[in-house]
Amino acid sequence: MANIQKRPQWYLPESAATPEAVYQDRRQFLKAMGLGGMMLAGTGPALGCLAQDTASETKPAAASPGSTADLDFADAGRPPTEESLTAVFNNFYEFGFSKRDPAVNAQGFSLDPYTLKVDGLVGKAMEFDLDAIEALGHEDRVYRLRCVEAWSMVVPWRGVPLRKLIEKVDVKPEAKYVAFKSFLDPERAPGQRDERYQWPYYEGLRLDEALNELTLAVTGMYGKQLPPQNGTPLRIIVPWKYGYKGPKSVVQMTFTDKQPATFWNDAVPHEYKFYSNVDPQVAHPRWSQALERYLGEDRKDKPTQWYNGYGEQVAHMYEGIPRTLY
Ligand SMILES: Nc1nc2c(c(=O)[nH]1)N[C@H]1C(S)=C(S)[C@@H](COP(=O)(O)O)O[C@H]1N2
Ligand SMILES: [Mo]
């Protein structure tokens, strides 16, 4: 935790002062959920088809009950996104392609009895249940999350630094990357019957990225277990990268010496690269990344921050790598 500072570069004192809760009427709320506009018009096959959404005002969320917030991560520089929004505005293509599908289609979904398999270039392959993972030491951390579609949110996560898990399996020196795999169950996950994609969802990180202090194996949010639509029971969160770099409902982690293929890079290679670091200067082929819309607000008018504002913790990993590779 040595290189985490109390006043990082993105710290905005004005926004840290919690505003009065803003009353949201039903119409505004539906708009915020994306029910007011083009979201009703149909489903889009490619990530980013729904980027031009609209929404309404924000309302700060209450702190998670019983939280033992890690002080270094207690404040993401702006109020947490309302839980009622993060619960109904989701990207989880396994459960449908429009933002409000996962909350409906993943209702009641569970991977119990859960085990996370860890294998590949390790001294000892292992299986962890959720208790074993949480026993490694979980923390409450409030992070910003920036989706490649240009909306963003602030979430109080609960999770275990992935590094703690990696240290358990005795990674071999040849290992340079880690590949993640989400669950596969087309009977329960209707999106997985769509043959335009290769299921299960898969992602990957360079080993140093996986070991970075910020990378979390998340098991909860807002002080509760992860809801199905947010990736029950375990998801990876990599807050300086676009949201799709963090797979949900992960069941396997494999250490490898080769850069792993990733779901979105295979699906649309010229739009989604392996690194996918948040960068206002590197436009998506179909839209600028200079600005973002805070989930719960109307306008896409907030400046996007390089590395989503986490440059102090991560920029050193990318020296000499051209930004266009992101
Ligand atoms: N398995 C899986 N993981 C996934 C996705 C997905 O479709 N499937 N979508 C990603 C994208 S694009 C984003 S922005 C976040 C969304 O997380 P949220 O729905 O909890 O906000 O999950 C990421 N992880
Ligand atoms: Mo995303």
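**Entry 1: second largest pocket**

I looked up the second largest pocket in this predicted model and found 16 lining residues, with Glu271, Val282, Ala283, His284 and Tyr326 nearest its centre. The search runs on a 1 Å grid over the protein atoms alone: a pocket is an open set of points with protein on both sides within 12 Å along at least five of seven lines, a cavity is a set where a 1.4 Å probe fits but cannot get out, and a lining residue has an atom within 4 Å of a point. I noted a volume of about 190 Å³ for the second largest pocket; a volume is the space filled by probe spheres set on the points, which are joined across faces, edges and corners. Its lining divides into 7 nonpolar, 6 polar and 3 charged residues. In this sorting Ala, Val, Leu, Ile, Met, Phe, Trp, Tyr, Cys and Pro are nonpolar, Asp, Glu, Lys and Arg are charged, and the others, Gly among them, are polar.

**Entry 2: conventions**

I number residues from 1 along each chain as its sequence is written, and letter chains from A and number ligands from 1 in the order in which they are written. Local features need pLDDT of at least 70 and side-chain atom pairs count only at pLDDT 80 or more, while totals for chains, interfaces and linings use all residues; side-chain values use heavy atoms, with hydrogens and water left out.

**Entry 3: cavities**

I counted 3 cavities of 30 Å³ or more. The largest cavity has a volume of about 330 Å³. It is lined by 22 residues, and Asn91, Phe92, Gly243, Tyr244 and Lys248 are the closest to its centre. Strand E4 (151-161) and helix H8 (263-267) are the elements that give two or more residues to this lining; helices (H or I, at least four residues) and strands (E, at least two) are DSSP runs, numbered from the N terminus. By class I listed 13 nonpolar, 6 polar and 3 charged residues in the lining of the largest cavity.

**Entry 4: ligand 1**

What takes up the largest cavity? The space is that of ligand 1, where sitting in a cavity requires more than half of the molecule's atoms within 2 Å of the grid points. I found 18 residues around ligand 1, the closest being Tyr93, Glu94, Arg235, Gly246 and Lys248; a residue is near if one of its heavy atoms lies within 4 Å. This shell holds 9 nonpolar, 6 polar and 3 charged residues.

I then checked polar contacts (N or O atom pairs within 3.5 Å). A side-chain N or O atom of Arg235 is 2.7 Å from an oxygen atom of ligand 1. Nitrogen of ligand 1 also lies 2.8 Å from a backbone N or O atom of Gly246, and a polar backbone atom of Asn91 is 3.1 Å from a nitrogen atom of the ligand. Ligand 1 taken alone exposes 540 Å², and the protein buries 100% of that (Shrake-Rupley method, 1.4 Å probe).

**Entry 5: backbone**

I noted a cis peptide bond between Asp112 and Pro113, omega about -5 degrees; Pro113 is in the loop between helix H4 (101-105) and strand E1 (116-120). Thr232 to Pro233 is also cis, with omega near -10 degrees.

Methods: Polar contact = N/O pair within 3.5 Å; in protein donor to acceptor, adjacent residues only side chain to side chain.
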